[in-house]
Amino acid sequence: MDFTSLISSFIPSWTSVGLLFGFFSYLGIAGSILPGKLVPGANLSDGTRLHYRCNGLLSLLLLVGLLAMGAWMDYVSLTAISDRGLELLSTTFIFSVIVTLLLYVAGCKSNDRSASLKPHITGNILDDWWFGIQLNPSFMGVDLKFFFVRAGMMGWLLINLSVLAKSIQDANLSQSMILYQLFCVIYIMDYFFYEEYMTSTWDIIAERLGFMLVFGDLVWIPFTFSIQGWWLLSNKVDLTTTAMIANCCVFVIGYLVFRGANKQKHDFKKNPKALIWGRPPKVVGGKLLVSGYWGIARHCNYLGDLLLALSFSLPCGISSPVPYFYPIYLLILLIWRERRDESRCAEKYKEVWAEYRKAVPWRIFPYVY
């Protein structure tokens, strides 16, 4: 592809706008009307708490079923996303910029004093736009932060499935593609199966909704986490049986650490006396968990995330660094985030945090970092 064609492929079309609008409309409607567990969020500073309808798995399965039926009836093309990948990328990016500008303006004009909507304005326009002004803005009754996270994860799966359909259409399906797709499907389905755990994460509890989160959810997650699939469309990789088994082991270990650590944290927040690995939990200062995975490293969930990211890239072999963009980026991001978390926790827990650091000296990688 020459430079002119490359630039042209980024120009949004009405088709890409329609695809994006249809996707968001479906999520908004399905998320509001489909049955799901109503999960209370964390207690906010003013004593209030939001409630989240966790029906993401049902929404996803219904959407995939509708698309499959539409393709069978020749109403929908399964390669619509993979055929318009770059223009959908630019369309979603433009949408993210517009949305965050509207959030900035709405936040500046808000007089609401509740913890969810109280404006946090620093006076630095770029900083306020990037990190956001309000904690939990909503639109037509839909919590936008929770909505965008859901949209990003579903978008990642839809891109992958369209890439898979493209590889089948081009008679280019390989073991590497199957392995990559399988890992991603398991990971994303697991995310929605345990969607309620998302309500206790730092992003939902403490981060305000600005460009950083909106862009991260809508653009970064679906379009960069799927790089391996795009790369495998045009690059053939022959994996040995040993390599495939090793790849599966990395995925399984990563999944066990990631899911186990997050489950332990979520269960502990809901019930501080819940058993961990069959024993009563150990706590520092009555607040900080040092049992299970959280006694191995202060951010053990990040270790699981990194192993999973690596497992998504290993099916691509080692001939190019391109498929490893995601785990490399994630390593940098999580170290940066871990430093931010440490700073906030040190300010919040003070001497208790110093005691916790002595009890759990390792940050992410036991005996390494």
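Buried here means under 20% relative accessible area, exposed means over 50%, and partly exposed lies in between, using a 1.4 Å probe and protein chains only. At 70% relative accessibility, Tyr367 therefore counts as exposed. Welcome to a short tour of a predicted model, in which local features need pLDDT of at least 70, side-chain atom pairs count only at pLDDT 80 or more, and totals for chains, interfaces and linings use all residues. Residues are numbered from 1 along each chain as its sequence is written, and side-chain values use heavy atoms, with hydrogens and water left out. Helices (H or I, at least four residues) and strands (E, at least two) are DSSP runs, numbered from the N terminus.

**Aromatic pairs**

- A pair of aromatic rings is described by the distance of the centres and the angle of the planes.
- Rings of Phe, Tyr and Trp (its six-membered ring) pair if their centres lie within 6.5 Å; planes under 30 degrees apart are stacked, over 60 edge-to-face, and the rest tilted.
- Searching the whole structure turns up 30 aromatic pairs.
- One of them is the edge-to-face pair of Trp277 and Tyr293, at 5.1 Å centre to centre and with 70 degrees between the planes.
- This pair links distant parts of the chain, 16 residues apart: Trp277 is in the loop between α12 (241-270) and β5 (283-284), and Tyr293 in the loop between β6 (288-289) and α13 (300-313).
- Trp277 is exposed, with a relative accessible area of 54%, whereas Tyr293 is buried at 15%.
- The pair of Trp362 and Tyr367 is tilted, because the ring centres are 5.5 Å apart and the planes stand at 50 degrees.
- In that pair, Trp362 is partly exposed, with a relative accessible area of 28%.
- Ring pairs also join Phe93, Trp129, Trp130, Phe211, Phe215, Trp220, Phe325 and Tyr329 into a cluster.

**Helix α2 (14-33)**

- The 20 residues of α2 reach 28 Å from first C-alpha to last, close to the expected 28 Å, where the expected span is 1.5 Å times one less than the number of residues.
- Buried in α2 are Ser16, Leu20, Phe23, Phe24, Tyr26, Leu27, Ala30 and Gly31.
- These residues cover an arc of only 155 degrees around the axis, so they sit on the same side of α2; the arc is that of the directions from the helix axis to the C-beta atoms.
- Trp14, Phe21, Ile29 and Ile33 are exposed on the face of α2 turned away from its buried side.
- The buried residues of α2 pack against β2 (51-54), α3, α5, α7 and α10.

**Helix α5 (85-109)**

- Helix α5 has 25 residues and reaches 36 Å from its first C-alpha to its last, close to the 36 Å expected.
- Its buried residues include Gly85, Leu88, Thr92, Val99 and Leu103.
- Among the elements covering the buried residues of α5 are α2, α6 (125-131), α7 (144-169) and α10 (211-224).

**Leu232 in α11**

- Leu232 is found in helix α11 and counts as buried at 2% relative accessibility.
- Contact means heavy atoms within 4.5 Å.
- Leaving aside neighbours within four places in sequence, Leu232 is in contact with Asn172, Ser176, Met177, Tyr180, Val237, Pro315 and Cys316.

**Positive phi**

- Most residues other than glycine have a negative phi.
- Asp74 has phi near 65 degrees, a positive value, and lies in the loop between α3 (56-72) and α4.
- Ala171 has phi near 55 degrees, also positive, and is placed in the loop between α7 and α8 (175-193).
- Asp74 is exposed at 68% relative accessible area, and Ala171 counts as exposed at 72%.
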